[in-house]
Amino acid sequence: MCDVGNPGHHSSLEVINPPNNKVMNWFARILAHYSCVVLLVVAVFAGSCLIVPLIFMKTPDFSDPQMGYGSQETSTILAPNMTALDNLPEDVTGVVRTGVSSIPGDTESTPTWVYALNTSEVFQGSNDTDRNRKVDPIAVLKEMLNSGINPLDHDHNHQHISSDGFFCSSPSAGYSRVVFSATGGGDLFTLDSILSMCHIEAQMIASEEYHTICESTSHEKCCHSWSLGNYIAFLHNRPSCFAVTSEDVDATKALLQMCSHYYHNLTLTPDCQEESLWFCKQVPQQCRQHNAVYNIMYYLVDANFLPPNNCCISSLVNTMLILPIARSSATLAYYHSLDLHALQHGNVEVVAMDFGLKSTLFHECLVQDTWMIGAGGTFVLVCMWLYTGSLFVTIMTVIAVAFSLGMSYFMYTVIFELHFFPFMNLLATIVAVGIGADDAFIFCKVWRYVKAEKNSGISVELVHDALKHATPSMFVTSLTTASAFYASYISSITAIRCFRLHK
């Protein structure tokens, strides 16, 4: 009884009878006496979680880093509509399909319908059987092979010259495009602006990379680009756009004003060069010549130039230059060469380009920005080392983060059976390092205070008290972070949803 009033004896009673948390006491004793065994078990378990999906599951493919950034609801809505559009020609009879291009002239792009254009078959007496007959591509291929024709052969020594003798072909969606704009919002349909655009075009085609990828009439000379200046020179028999005069510019504008009515009421079409089309006979010959008016109105000028309701508005704010180079990743070197120069002359500047490099540039930027991930992780580790004063604690924290990422990947691929692993999921590494550093800071701070208070070596009581005070703080910080991540799981962007689930 007297021992109860002795303060020193009361302290020993607290050591003998720790708080009634059996799980915490058991875990503290395990950590204090068998720390190496615990580390070994965790390492084996976490390593197994990482090795199993890498061996038995398909490894992530980051060849297309844009995958997963489309809206899931939009894809769900558009997919059946696109399927129906693809199947429509096979199920509908009596309808003439004249083109399968998003822009007239392109026959290899997204399918669209063009009405009342190429109707010569109907008016030349073709019967329904010929029009609706399906062509078997296998039979056509066999016929070509039997006749000695190799469908893979192509003579590259011929000249790609269209019927007009100036341009190589008709403009289409498959070619690269450049947009000009007036710096002060002025009119581009003037002689000074036309000459400025010619200077910029000459600067662009002077690049060495341009001549390696351009469509050419021979092995030495590239085709003419489709531009407003080249069409004016072509219509007035000038050798180049640098030779056009103010009279040529005014005459071309007057021609477009006269023919814009036929363009807007859909009478002027890209097939109006053929005199056999009855609906084009009401279009004047100068409006139909070489498809120049149609190509200028459809491809090269903006929608606000000579609008259908007020053809007196002849001020041109934006115009397009179509280069005779295919939109593909092969234009990357050419794009970088243009990026080094200021594409501006007079009151004209280049404001947009489309070389078909969206995915390529996206992937290039991601690769170039990976150094930021390493820099961020290194900065966090250096801060942890300086705060804890222990390289061992820093290294063990990194190992713990690696173990957590391995178990997270195991849950993602094996438990949740998610096979799509977007590039964005790699950012979980930095987030995990940040969260692991926060928990390490909290535990080290609590450990120092408890050890200073107990003034003893590593014991069960010391480990128990450190866990008791640090665990709630680490749990709350991790829970709030996880809640913020899982709240964005409702996003319609697939990549974001996968990242939140993976993290």
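For my pocket search, a pocket is an open set of points on a 1 Å grid over the protein atoms alone, with protein on both sides within 12 Å along at least five of seven lines, and a lining residue has an atom within 4 Å of a point. I join grid points across faces, edges and corners, and take a volume as the space filled by probe spheres set on the points.

**Ground rules**

I am working on a predicted model, where local features need pLDDT of at least 70 and side-chain atom pairs count only at pLDDT 80 or more, while totals for chains, interfaces and linings use all residues. I number residues from 1 along each chain as its sequence is written, and side-chain values use heavy atoms, with hydrogens and water left out.

**Entry: the largest pocket**

I looked up the largest pocket and got a volume of about 2,000 Å³. It has 48 lining residues, and the closest to its centre are Met 396, Thr 397, Ala 400, Phe 443 and Met 474. The elements giving two or more residues to this lining are helices H2 (22–33), H3 (35–56), H17 (391–415), H18 (428–454), H19 (460–487) and H20 (494–502). For naming, helices (H or I, at least four residues) and strands (E, at least two) are DSSP runs numbered from the N terminus. Which helix gives the most to the lining of the largest pocket? I find H17, with 14 residues.

I then sorted the lining by type: 34 residues are nonpolar, 11 polar and three charged. My nonpolar set is Ala, Val, Leu, Ile, Met, Phe, Trp, Tyr, Cys and Pro; Asp, Glu, Lys and Arg are charged; the others, Gly among them, are polar.

A cavity, in my search, is a set of points where a 1.4 Å probe fits but cannot get out. I count three cavities of 30 Å³ or more.

The largest cavity holds about 80 Å³ of space. I list its lining as Met 57, Lys 58, Thr 59, Pro 60, Tyr 409, Thr 413, Leu 418, His 419 and Phe 421. By type, that lining splits into five nonpolar, three polar and one charged.

The second largest cavity holds about 60 Å³. Its lining includes Phe 180, Cys 198, Glu 201, Gly 229 and Met 320. Helix H8 (191–205), helix H10 (228–235) and strand S2 each supply at least two of its lining residues, and H8 has the largest share, with four. I sort this lining into six nonpolar, three polar and one charged.

**Entry: the sheet**

I traced an open sheet of four strands in the order S2-S1-S4-S3, with antiparallel pairing. Strands pair here if DSSP finds at least two bridges between them. The edge strands are S2 (318–326) and S3 (344–345), each pairing on one side only.

S1 (residues 175–182) and S4 (residues 348–354) run antiparallel over six bridges. Within that pairing I see Ala 182 opposite Val 348 and Val 179 opposite Ala 352. S3 and S4 are joined by two bridges, again antiparallel, and I note Gln 344 as the bridge partner of Glu 349 in S4. Their hairpin has two residues between the strands, and Gly 346 there takes a positive phi near 65 degrees.

Most residues other than glycine have a negative phi, so I looked for exceptions. Asn 237 has a positive phi near 60 degrees and sits in the loop between H10 and helix H11 (246–264). Is Asn 237 buried or exposed? I have it as exposed, at 71% relative accessible area; my cut-offs are under 20% for buried, over 50% for exposed and partly exposed in between (1.4 Å probe, protein chains only).

Leu 266 is not a glycine either, and its phi is positive at about 65 degrees. I place Leu 266 in the loop between H11 and helix H12 (285–288), exposed at 67% relative accessibility.

**Entry: rings**

I get 17 aromatic pairs. Rings of Phe, Tyr and Trp (its six-membered ring) pair if their centres lie within 6.5 Å; planes under 30 degrees apart are stacked, over 60 edge-to-face and the rest tilted. Phe 166 and Phe 167 are edge-to-face, because their planes stand at 80 degrees, with ring centres 4.8 Å apart. Both Phe 166 and Phe 167 are buried.

Last, I checked charges over rings (NZ of Lys or CZ of Arg within 6 Å of the ring centre and within 35 degrees of the ring normal). Arg 448 lies over the face of Tyr 387, at 5.6 Å from the ring centre.
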